[in-house]
Structures are given as C-alpha cells and as structure tokens.
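Work through the exercises below with the sequence and the model at hand. Each task is followed by a solution that goes step by step.

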Amino acid sequence: MPMTSSPAERTKEIQKAIVEIEWVMFQEVHGIGGRAACQDNREGFVMHRLSQFSSWEPYVLESYLLDLQEAVTVGRNLVMEKYAYMMEITDPAYFAQIKHLLPPVD
C-alpha cells in the first residue's frame, strides 16, 4: 500500500482496502435462495461498510486488514463464515447441516 501524507489519509486507504476484500468475499456468498439483491449494489455496500469502519481505531482497522489478507491467503471467506454463523440463530435446522463445514469458534 503506498504511503500517504497524513494519518487520516492512511486510515482511509486501509478502510478502502478492507472494503475491496470484503466486496470480493461478499460476491462469493451463495444464499439458500440464491444471490441476494444487495450483492448487486456495490455502491450501497461500500457506503455501508465505510460508514461502519469510520468509528474504528486505526490499529483495529490495520489488524482487521491483516486478518482479511491472511484469510484470502489460506482460502477462507470471512464474510461467508459470518453469514453462515448467523444462521445458527436465524435458521438453526439448516445451520446444523452446515456447521461441520465451518471452522470452530474458540
């Protein structure tokens, strides 16, 4: 990542890098009913995710970016995993069928 002239610009670069990785991961999520309409709304996704990250401390953003990069390296999709684990509450029966495919949460 290129160096910037200010910490604020560096933070924005990290936020954008995070959103780019998340967007790619989000595109690879396959829902039970097929592709979700929000997966075709890049502008909305970027706006919502940048808004979310605007309150994060720079060191947390840097740590999360490293987590995402490591996940890509080892072939994990953290966005898919997030949605899959959400199904433990939203669709427990289906979650029971896929739980064995997910990495354990410690």
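**Exercise 1.** Decide whether Arg 42 is buried, partly exposed or exposed, and then find which side chain it meets in a salt bridge.

*Solution.* In this predicted model, begin with the accessibility of Arg 42, which is 33% in relative terms, so that the residue falls between the limits of 20% and 50% and counts as partly exposed. Next, look for its partner: the side chain of Arg 42 forms a salt bridge with that of Glu 20, at 2.4 Å from N to O. Then place the two residues, of which Arg 42 belongs to helix H2 (residues 42-53) and Glu 20 to helix H1 (residues 7-27), so the pair ties together parts that are 22 residues apart in sequence. Finally, check Glu 20, which has a relative accessible area of 40% and is likewise partly exposed.

**Exercise 2.** Find the partner of Arg 49 in a salt bridge, and determine whether Glu 22 is buried or exposed.

*Solution.* The partner is Glu 22, with the closest N and O atoms 2.7 Å apart. This pair links distant parts of the chain, since Arg 49 lies in helix H2 and Glu 22 in helix H1, 27 residues apart. The relative accessibility of Glu 22 is 2%, and because buried means under 20%, this residue counts as buried.

**Exercise 3.** Describe the salt bridge between Glu 81 and Arg 76, and state how many salt bridges the model has.

*Solution.* The side chains of Glu 81 and Arg 76 meet at 2.6 Å, N to O. Taking the accessibilities in turn, Glu 81 is buried, with a relative accessible area of 9%, whereas Arg 76, at 39%, is partly exposed. The count of salt bridges comes to four.

**Exercise 4.** Work out how the rings of Phe 26 and Tyr 83 are arranged, and which parts of the chain they tie together.

*Solution.* The model has eight aromatic pairs. In one of them, the ring centres of Phe 26 and Tyr 83 are 6.3 Å apart, and the planes meet at 35°, so the pair is tilted. Since Phe 26 lies in helix H1 and Tyr 83 in helix H4 (residues 78-90), the pair ties together parts that are 57 residues apart in sequence. Phe 26 is buried at 6% relative accessibility, while Tyr 83 is partly exposed at 32%. Widening the view, Trp 23, Phe 26, Phe 45 and Tyr 83 form one aromatic cluster. The ring of Tyr 83 also has the charged end of Lys 82 sitting over it, 4.6 Å from the ring centre.

**Exercise 5.** Determine which residues touch the most other members of the largest nonpolar core, and trace the surroundings of Phe 53.

*Solution.* The largest nonpolar core has 17 residues, of which Ile 18, Met 25, Phe 53, Leu 65 and Leu 68 touch the most other members. Helices H1, H2 and H3 each supply at least two residues of this core, and the largest share, eight residues, comes from H1. Turning to Phe 53, its relative accessible area is 0%, so it is buried. Apart from its neighbours within four places in sequence, Phe 53 is in contact with Gln 15, Ile 18, Val 19, Glu 22, Leu 61 and Tyr 64.

Terms used: Residues numbered from 1 in each chain as written. Predicted model: local features only at pLDDT ≥ 70, side-chain atom pairs only at ≥ 80, totals over all residues. Heavy atoms only, no water. Helix = DSSP H or I, 4+ residues; strand = E, 2+ residues; numbered from the N terminus. Buried < 20%, exposed > 50% of the residue type's maximum accessible area, 1.4 Å probe, protein only. Phe/Tyr/Trp six-rings, centres within 6.5 Å; stacked < 30°, edge-to-face > 60°. Lys NZ or Arg CZ within 6 Å of the ring centre and 35° of its normal. Core = buried A, V, L, I, M, F, W, Y, C linked by side-chain atoms within 4.5 Å. Contact = heavy atoms within 4.5 Å.
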